[in-house]
Amino acid sequence: MERDEKRAPVLDPVSRVSEVIFGLLMALSFTGTLSVATAGREEVRTMMLTALGCNLAWGLADAVMYLIGTLTGRARNLALLRHVRSAADAPAAHASIAEALPGRLGEVIGAGGLEDIRLRLNALTELPARTRLGWDDFLGAVGVFLLVVLATFPVVVPFMLISETALAMRVSNAVALVMLFVAGYRLGRYAGIAAWRAGFALVVVGAVLVFAIMALGG
């Protein structure tokens with residue numbers, strides 16, 4: 001059963017884009033605090049180090065939470081399997097399976113579909129004694145960490161290459177807007193909705209979130 005629960009590498013499209021957006025917004029909350037009129041090279045350097053350090057910390061926290069979520073989900077699946085196998089009768093097993101399915105999927109597939117799932121679960125022969133994490137799970141956690149951290153660099157690099165703070169700020173903001181649009185576009189395509197609208201919508205939502213984060217002292 002444990003082999004059947006391996007995730008797709010590295011994370012699903014929504015998770016990948018979400019991690020990039022999170023890292024990007026965190027970086028923007030720091031670049032947005034710079035004063036174009038008064039910020040010198042020392043202030044810029046401090047901002048870059050702070051933004052990188054913050055995203056390193058959040059990337060580590062996200063990676064740990066990814067492992068916890070993976071282990072928890074795997075334990076829940078194992079508990080469901082044991083419950084289905086020990087159910088007093090087929091209707092009781094059907095109820096457990098339907099409750100675990102997302103939304104109203106249990107109602108849609110009906111008793112026949114639930115029975116097919118029950119039979120397939122009962123047919124499984126190799127069951128782990130306990131849930132555990134594998135190397136692919138740790139690779140996924142590394143992927144989460146890197147996505148959050150690497151999202152910092154595109155908006156920070158302009159400050160490394162351009163000595164004029166005002167120009168660097170404009171270039172950084174432009175890069176951030178492009179990244180937000182691309183992220184929204186990919187989410188839109190994945191969801192099967194208008195990708196261009198999703199891209200522009202995420203740009204607007206991202207801008208509002210950055211202002212909110214800065215206003216709240218984040």
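Start with helix H4 (residues 105-123): its buried residues are Gly106, Leu114 and Arg118. Buried here means under 20% relative accessible area, exposed means over 50%, and partly exposed falls in between (1.4 Å probe, protein chains only). Helices are DSSP runs of H or I with at least four residues, strands are E runs of at least two, and both are numbered from the N terminus.

Before going on, a word on the source: this is a predicted model, where local features need pLDDT of at least 70, side-chain atom pairs count only at pLDDT 80 or more, and totals for chains, interfaces and linings use all residues. Residues are numbered from 1 along each chain as its sequence is written, and side-chain values use heavy atoms, with hydrogens and water left out.

Back to H4, which isn't straight. Its 19 residues put the end C-alpha atoms only 22 Å apart, while a straight helix would reach 27 Å at 1.5 Å a residue; that expected span is 1.5 Å times one less than the number of residues. There's also a kink of about 90 degrees centred on Ala111, the bend being the angle between axes fitted to the seven residues ending there and the seven starting there.

Zooming out, the protein has eight helices and zero strands. Of its 218 residues, 34% count as buried. Take contacts (heavy atoms within 4.5 Å) between residues at least 6 apart in sequence: 72% of them join residues at least 24 apart. The accessible surface comes to about 12,700 Å², and 67% of that belongs to carbon and sulfur atoms; areas come from the Shrake-Rupley method with a 1.4 Å probe, and for residues only the protein chains shown count as cover.

Part of that surface is a nonpolar patch made up of Val142, Leu146, Leu150, Phe153, Val157, Met160 and Leu161, with about 630 Å² of accessible area together. Patch residues have over 30% relative accessible area and no salt bridge; like charges are joined within 9 Å, and nonpolar side chains (Val, Leu, Ile, Met, Phe, Trp, Tyr) within 5 Å. A salt bridge is a side-chain nitrogen of Lys or Arg within 4 Å of a carboxyl oxygen of Asp or Glu. Helices H5 (135-150) and H6 (153-161) each supply at least two of the patch residues, and H6 gives the most, with four.

| Residue | Relative accessible area |
|---|---|
| His83 | 45% |
| Leu146 | 39% |

Leu146 sits in helix H5, and His83 is in helix H2 (residues 41-85). His83 and Ile97 are 14 residues apart in sequence, with their C-alpha atoms 9.4 Å apart in space.
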